[in-house]
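Student: I have a structure open and would like to talk it through. Can we go step by step?

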Amino acid sequence: MRRVVVTGIGATTPLAGDALGSWKSLLQGESGIRSLNYEWVEKYELPVTFAGTIKVPASEKLTPQEAKRLDPSSQLALVSAREAWEDAGSPEVSPERLAVDFATGIGGVWTLLDAYDILKERGPRRVLPMTVPMLMPNGPAAAIGMDLGARAGVRTAVSACASGNESIANAFQRIRIGDADVVVAGGAEAAIHPLPIAAFAAMQALSKRNAEPTKASRPYDVDRDGFVMGEGAGSLVLEEYEFAKARGAKIYCEIVGAAVTSDAYHITAPDPEGSGAARAVLGALEQAGASPTEVEHVNAHATSTPVGDIAEFTALKRVFGDHTKNLVVAATKSSTGHLLGGAGAIEAIFTILALKEQMCPGTLNLDNQDPAIELHVPRQSTSLSRHDAVAISNSFGFGGHNAVLAFRNL
Amino acid sequence: MALSELDVLAGLAELVNDETGIAADAVQMDKSFTDDLDIDSISMMTIVVNAEDKFGVKIPDEEVKNLITVADAVKYITANQG
């Protein structure tokens, strides 16, 4: 099998408008969660009035015409992909060997709902001709593919909050089996709109800590009461190792495994025994040729929901047994909120940078760790000690989707 | 008061610029929307709908295919404005 390395990263998140800025802000323990100052929050009397909104509007980095023709999710995707491509040194690759695997959990929800408002208020003639290409969930992938001229396939995984990781997993497999030499992979989400907020709140999935937005995302804390919606995008440039070496690319690390499993247990609840999640971790480690004791850092899915955080811990216990206590775990959604289809992508970037800089970002708001979750979760950013260790990043999604990525320094 | 062809041209050029980024002064009477200005069918429909709003005119779908040049559109709008 061919080897796959990461040569470029790009992101736009609630913490900063780029990947390294987001990482720096994360290490400093900043929060990207804030109150929403939109008229619709009061108009609809939303039960949740805060979220992780992006720090830098995409319109600052796109032409007015690009912005006009792209749903916000595609705008964020394109901004992050251009950053990653430039970071990779704009690889010279034949278009037929360049692919895109780019996810979203929900798709162009702003476009869809705005168009429905226009239909109701002004009739079908006023519905914009660009509505369909803007709302389709493959819109972000298609926008990136057009921009970079990728002709080896442009694909979109849609698996709720596991989508970003699943797209990176798909990209990894495509390079491994020889379908492409370079793949831009990642995920985006821009769903901070009153309808998704109302819908997630209706299922009691969201934190309602309206008075203290920065304290609301508190994975593993006894007082966690749900996740915090975030928006943004992350992109990776993945390359076949020899191809990257031949062009003298800067290499962040190797992606050594990527596995996807499914629970077939419940449409939204995680399997309390964590067996599907555990199989995904084991699958990624098997591809890596690594034993569980070779893992040091874990970027956990850890959304701050009461049952989800415990189920993930149970899965980790199943895989790591006694080694679980040696894991150095980060729950970065405490800073960024939950980017849904974009979560896996930005967390992959954080995991890659954690490996490169040997630094585990601190987890916010962990005032009283749930005694049922026996994990080492540093409150402050903390050095890692094993340069050759494997780091993993977990993502799980409604629908029983589990997707796990494994990285290692070269 | 009805707008003159020059007024309509200026207004249409603004709509074209807004949708496509093409400089307003490049939108001249003898230019073809597709061959000279490289405007695709989706942008053309957006410009048509926006022109209906701006000039208070109805441009039926079957009429749009006859609007080959900027002059075709300017003349149609000028003649049919409400």
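Tutor: We will take the chains one by one, then the place where they meet.

Tutor: Keep in mind that this is a predicted model.

Student: OK. How many helices and strands are in chain A?

Tutor: Chain A has 15 helices and 14 strands.

Student: And what does UniProt list for chain A?

Tutor: An unreviewed UniProt entry gives "domain: Ketosynthase family 3 (KS3)" for residues 1–409 of chain A. Over that span the chain is 36% helix and 19% strand, and the end C-alpha atoms lie 18 Å apart.

Student: What box do the C-alpha atoms of chain A fill?

Tutor: Roughly 60 × 50 × 40 Å, taken along the principal axes.

Student: What radius of gyration would a compact globule with 410 residues have, and what does chain A have?

Tutor: A compact globule with 410 residues would come out near 22 Å, and chain A has 20 Å, so the two agree.

Student: Which residue forms a salt bridge with Arg224(A)?

Tutor: Asp370(A) does, with the closest N and O atoms 3.0 Å apart.

Student: How many salt bridges over all chains?

Tutor: The structure holds 28.

Student: Now the interface. How many residues are in contact?

Tutor: On one side there are 10 residues of chain A, and they are in contact with 16 residues of chain B.

Student: What area do the two chains bury between them?

Tutor: About 1,100 Å², of which 41% is on carbon and sulfur atoms. Arg69(A), Arg125(A) and Arg126(A) supply 49% of the area that chain A buries against chain B, more than any other three residues.

Student: How many salt bridges does the rule find across the interface?

Tutor: It finds 8 between chain A and chain B. One of the residues involved in a salt bridge is Arg125(A), paired with Glu52(B), where the closest N and O atoms are 2.9 Å apart.

Student: How many residue pairs are in polar contact there?

Tutor: The count is 11 residue pairs between chain A and chain B. The side of chain A that touches chain B is made up of 4 nonpolar, 1 polar and 5 charged residues.

Note on methods. Residues numbered from 1 in each chain as written. Chains lettered and ligands numbered in written order. Predicted model: local features only at pLDDT ≥ 70, side-chain atom pairs only at ≥ 80, totals over all residues. Heavy atoms only, no water. Contact = heavy atoms within 4.5 Å. Buried area = accessible area lost by both parts, 1.4 Å probe. Salt bridge = Lys/Arg side-chain N within 4 Å of Asp/Glu carboxyl O. Polar contact = N/O pair within 3.5 Å; in protein donor to acceptor, adjacent residues only side chain to side chain. Nonpolar A, V, L, I, M, F, W, Y, C, P; charged D, E, K, R; others polar. Helix = DSSP H or I, 4+ residues; strand = E, 2+ residues; numbered from the N terminus. Rg over C-alpha atoms; globule rule 2.2 N^0.38 Å. UniProt positions renumbered as here; feature names shortened; annotations may be inferred.
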